[in-house]
Amino acid sequence: MRMPGNLHGHGAGGTAGIVPVVKDEQCVHGLGTEHPLQLEPGAYATGWLLDCSEYNWHVLETPVGNFSENSCTVDGTGSGSLNIVGSSWAVRVVGGSIPKRMIVTIMIFVACTASFMLRVHMSINLLAMIHPSTTLPSGNASMLPNATFSSSSDEETSNTTLYNANLAIPAAAIPDYGPRYDWSQTMQSHILGAYFYGYLLTSLPAGPLAERYGPQRLIGYSFLLCAIATALFPLFAAVNVWLVIAGRFLVGVLSGCVYPTLHNVISRWIPPNEKSKAVACIAGGSTFGTVITWPFAGLLIEHFGWEFAFYVPAFLSAMVGFVWFWLVADSPSEHKTITKEERDLIEASFGNTVSKAKARPPFGKVITSLPFVALVLSHYSSFWGLNFFVTQAPKFISEVLGFNLTNAGFLSSLPYLARMFSGFFFGYIGDSLRRKEIMTVTALRKSFIVFSHFLPGAFLIALPFIGQDAIITVSCIIACLGFNGASTITNLVNAQDLAPNFAATLYGMMNFLATTAGFLAPMTVAFFTKERNTMDEWKYVFLLTASFYIVSGAIFTIFGSGNVQKWNDIKEQPHTEHTPTVQTVRL
């Protein structure tokens with residue numbers, strides 16, 4: 001919610017005037033028989049129904065005199081107006097502080113940033129922890145034609161000289177970023193995939209746990225324990241590679257709780273007309289975590305060594321855990337400093353779609369629901385594409401396109417930067433279209449599947465055939481993930497449409513299945529690039545990913561829905577008065 005604007009009122013006789021917005025607890029009084037009242041976005045009044053406005057203003061207290069609810073109108077900026085009929089009226093304007101749901105939304109963004117930082121930093125760190133291949137990336141062949149190689153080595157370093165037709169370029173010695181280990185391609189894929197094996201275990205139960213016990217402790221303790229595990233990775237690597245794999249597995253177990261639980265936070269805290277922007281914070285935070293982690297990890301490695309690329313994320317993860325406990329409560333009713341007005345506003349916006357009663361999710365009806373099955377498939381393909389680039393983009397850009405470590409980290413982050421901004425852009429469009437009721441929720445979700453799935457698939461099909469130049473290849477990847485940012489108003493928010501009461505459970509089920517992409521994508525790349533590591537081998541990986549996007553998008557277009565499903569309803573248990581039993585004792 002924005003800060004209050006001006007309060008416009010008409011006095012008796014129809015003379016227009018402007019009354020400045022006052023501080024909390026102060027009142028504006030007027031006399032007359034009819035008073036059209038307008039409130040700018042960001043201010044709301046106690047006493048009058050303004051549910052048609054951008055911020056879902058609603059009745060908070062009984063007004064002075066009578067009023068007509070049907071006179072409420074909205075202009076193009078989201079301002080609300082209401083005709084007050086009576087001999088006198090009084091308005092208390094509430095504002096001046098940051099709404100708690102905005103703070104919660106910001107913390108959702110921060111939590112996703114930290115979670116993805118813990119997920120993706122290993123992709124860069126691993127490049128500095130292993131002995132590099134002496135084979136020149138094939139992408140350099142197009143940049144330096146007619147090149148041949150000559151190499152020499154001793155106990156300390158290995159130098160390679162690249163001879164071109166016109167000049168000789170000595171390759172730099174292997175930089176000293178810290179201890180290096182002889183881990184095979186298969187072992188590297190296990191290290192990258194172990195996170196997702198652990199993630200798989202907790203993503204399914206996290207939703208029901210959050211719905212029953214609340215999201216605050218589940219997320220807070222997850223970040224604190226991840227911080228401890230991440231700080232121990234240099235020790236793990238020095239002892240045994242299997243300890244590194246076990247550590248990544250543990251971080252995955254702890255991180256698997258985060259995303260389903262955040263959807264429970266959204267279902268408890270965010271009004272329906274603001275949910276797309278909140279979900280955009282999940283996608284945007286994840287993207288921002290990737291954008292800053294890869295180049296930042298590269299700089300840490302090059303200046304301080306790869307050990308600090310574990311210590312710094314560990315410290316930041318601990319900070320997020322502490323701040324989360326400080327600022328976020330399980331629900332508005334449990335927040336200690338929220339205003340009564342904002343708490344009532346949030347709870348009234350849900351209507352009867354969200355119940356305070358706790359119930360077991362109807363798993364049988366969920367898994368047989370065609371709209372949910374279509375959602376799962378669309379989410380899986382989007383998650384496959386995202387995790388494919390998260391875990392493999394640095395490897396592809398460094399080893400195939402031939403960029404150095406820092407440039408590889410920077411270029412690998414650009415597609416996620418595009419995805420972050422487009423996610424917020426599409427989220428704003430989605431909330432605007434829903435608020436103005438230009439199209440139904442179902443039509444909205446199905447229309448934008450073109451952007452989130454079909455267009456990314458088209459770019460990946462074209463990439464192997466037009467991507468002979470490194471810049472064109474990176475541009476195609478940027479376009480692919482940029483359009484996939486529309487997932488903030490398709491597969492990422494659709495669980496909130498289908499079942500607000502069980503949104504966390506639904507997202508946990510979706511993530512449980514989609515997480516398999518996290519370890520299958522590295523294994524797929526390892527399978528196709530086992531013999532050679534060139535564009536000819538990577539072509540099949542790109543085409544496979546494109547097919548996932550397009551097929552799942554078509555299924556969602558046919559069977560997807562944006563309507564609340566019948567199995568979302570929770571039957572309230574009737575409350576009966578307990579009559580104490582009277583016992584007669586004979587003395």
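Six salt bridges are counted in this predicted model, a salt bridge being a side-chain nitrogen of Lys or Arg within 4 Å of a carboxyl oxygen of Asp or Glu. Because the model is predicted, local features need pLDDT of at least 70 and side-chain atom pairs count only at pLDDT 80 or more, while totals for chains, interfaces and linings use all residues. Residues are numbered from 1 along each chain as its sequence is written, and side-chain values use heavy atoms, with hydrogens and water left out.

Helices (H or I, at least four residues) are DSSP runs numbered from the N terminus, as are strands (E, at least two). Lys340 is partly exposed, at 45% relative accessible area. Buried denotes under 20% relative accessible area, exposed over 50%, and partly exposed the range in between (1.4 Å probe, protein chains only).

Asp497 takes part in a salt bridge with Arg434, where the closest N and O atoms are 3.5 Å apart. This pair links distant parts of the chain: Arg434 belongs to helix 13 (residues 405-436) and Asp497 to helix 17 (residues 494-498), 63 residues apart. Arg434 is partly exposed, with a relative accessible area of 27%. Asp497 is buried, at 4%. Asp497 also forms a salt bridge with Arg445, and here the closest N and O atoms are 2.5 Å apart. Again distant parts of the chain are linked, with Asp497 in helix 17 and Arg445 in helix 14 (residues 441-447), 52 residues apart. Arg445 is buried, at 1% relative accessibility.

Helix 16 (residues 470-484) has 15 residues, and its end C-alpha atoms are 21 Å apart. This agrees with the span of 21 Å that should result at 1.5 Å a residue, the expected span being 1.5 Å times one less than the number of residues. Buried residues of helix 16 include Ala470, Val474, Ile477 and Leu481. Thr473 and Asn484 are also among them.

Four cavities of 30 Å³ or more are counted. On a 1 Å grid over the protein atoms alone, a cavity is a set of points where a 1.4 Å probe fits but cannot get out; lining residues have an atom within 4 Å of a point. Grid points are joined across faces, edges and corners, and a volume is the space filled by probe spheres set on the points.

The largest cavity holds about 140 Å³. It is lined by 15 residues, of which Phe383, Leu386, Arg419, Leu492 and Tyr507 are the closest to its centre. Helix 1 (100-129), helix 8 (275-304), helix 12 (370-400) and helix 18 (503-514) each supply at least two lining residues. Helix 12 gives the largest share, four residues. The lining comprises eight nonpolar, five polar and two charged residues. Ala, Val, Leu, Ile, Met, Phe, Trp, Tyr, Cys and Pro count as nonpolar, Asp, Glu, Lys and Arg as charged, and the others, Gly among them, as polar.

The second largest cavity holds about 60 Å³. Its lining includes Met117, His121, Phe296 and Leu316. Helix 1, helix 8 and helix 9 (308-327) each give two or more residues to this lining. Eight of its lining residues are nonpolar, two are polar and none is charged.

Terms used. 1 Å grid on protein atoms, 1.4 Å probe; cavity = no way out; pocket = protein on both sides within 12 Å on 5 of 7 lines; lining within 4 Å.
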